[in-house]
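Please take a moment to look over the sequence and the model that follow.

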Amino acid sequence: MNEMNTGSLVAIRDLTKRFGKKAALDHVSLDIPAGRIVGLLGPNGSGKSTLIKLLCGLLVPSAGQALIAGNLPGPATKACVSYLPERTYVPGSMRIRELAAFFADFYEDFEQEKADAMLSSLEIDPDAPFKTLSKGTREKVQLAMVMSRRARLYILDEPIAGVDPAARDFILKTIIRDYNEEASILISTHLISDIEPILDDVIFLRNGKAVLSSSVEELRDTRHKSVDAYFREVFAC
């Protein structure tokens with residue numbers, strides 16, 4: 001175990017990732033305590049996806065490090081990080097029942113009863129092939145699988161992109177209702193006004209640097225603006 005002198009669930013110090021001469025992430029230092037829902041916000045090319053991939057162990061840093069529950073990203077953190085990627089990862093021919101069985105086999109912390117209850121509330125036939133579902137329903141199913149784990153950190157990459165408002169409402173309610181309150185959720189999104197009501201904290205990234213890390217309450221008290229309004233001000237063209 002590699003520990004830092006911090007009580008944070010996620011501790012990031014001077015984290016840097018270069019692709020050739022370009023720094024996609026440039027000496028970022030952040031802390032994410034347990035029990036928080038955190039918005040990871042920034043325009044395209046700001047470094048959000050790079051940070052997520054580093055936390056998930058899908059990329060290796062060029063410098064610095066990130067620790068999750070005291071561990072570098074790797075086998076130990078894969079057991080406590082539940083990740084919803086931006087793109088659909090389920091083979092179209094796979095049936096919903098098979099997807100749940102895959103999660104149950106792969107993750108010891110997967111709660112089949114919770115997954116079954118969420119699928120039942122969606123009125124989804126567990127024998128339905130994934131490819132027969134609408135985009136919004138596919139997003140809901142994938143989120144149900146991810147949120148049915150007893151993880152320490154949930155990383156959700158654009159969980160409400162491209163779905164209708166009703167689907168967004170269901171997804172947001174699921175995020176709030178079905179996570180361990182001792183865990184934290186990191187949500188990357190462009191739909192700030194939709195996600196703002198559930199956020200505790202925000203991180204603004206620009207050109208690979210963290211330009212703001214604040215609680216939503218502090219931001220509103222000091223800036224007298226909503227997260228969405230302040231984001232538009234900071235990243236105005």
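In which loop is the place of Cys-80? Cys-80 sits in the loop between α2 (75-78) and β5 (81-84), where helices (H or I, at least four residues) and strands (E, at least two) are DSSP runs, numbered from the N terminus. The model is a predicted one, in which local features need pLDDT of at least 70 and side-chain atom pairs count only at pLDDT 80 or more, while totals for chains, interfaces and linings use all residues. Residues are numbered from 1 along each chain as its sequence is written, and side-chain values use heavy atoms, with hydrogens and water left out.

With a relative accessible area of 12%, Cys-80 is buried, a word that stands for under 20% relative accessible area, as against exposed for over 50% and partly exposed in between (1.4 Å probe, protein chains only). Leaving aside its neighbours within four places in sequence, Cys-80 is in contact (heavy atoms within 4.5 Å) with Ile-68, Arg-149, Ala-151, Arg-152 and Leu-153. Asp-125, by comparison, is 45 residues from Cys-80 in sequence and 29 Å from it in space, C-alpha to C-alpha.

The structure holds zero disulfides, a disulfide being a pair of cysteine sulfur atoms within 2.5 Å. For Cys-56, the closest cysteine sulfur is that of Cys-80, and because 11 Å lies between the two sulfurs, they are too far apart for a bond. Cys-56 also counts as buried, at 8% relative accessibility.

Strands pair if DSSP finds at least two bridges between them. Four bridges join β3 to β7 (residues 184-188), the two running parallel, and Gly-39 stands opposite Ile-187 in β7. The pairing of β3 with β8 (residues 201-206) is likewise parallel, over four bridges, and there Val-38 has Asp-201 as its bridge partner.

Helix α9 (residues 227-234) has Val-227, Asp-228, Tyr-230 and Phe-231 buried. Seen down the axis of α9, its buried residues fall within an arc of 165° (taken from the directions from the helix axis to the C-beta atoms), so they line one face of the helix. Among the elements that cover these buried residues are β3 and β8, together with α7 (192-195), β9 (209-215) and α8 (216-223).
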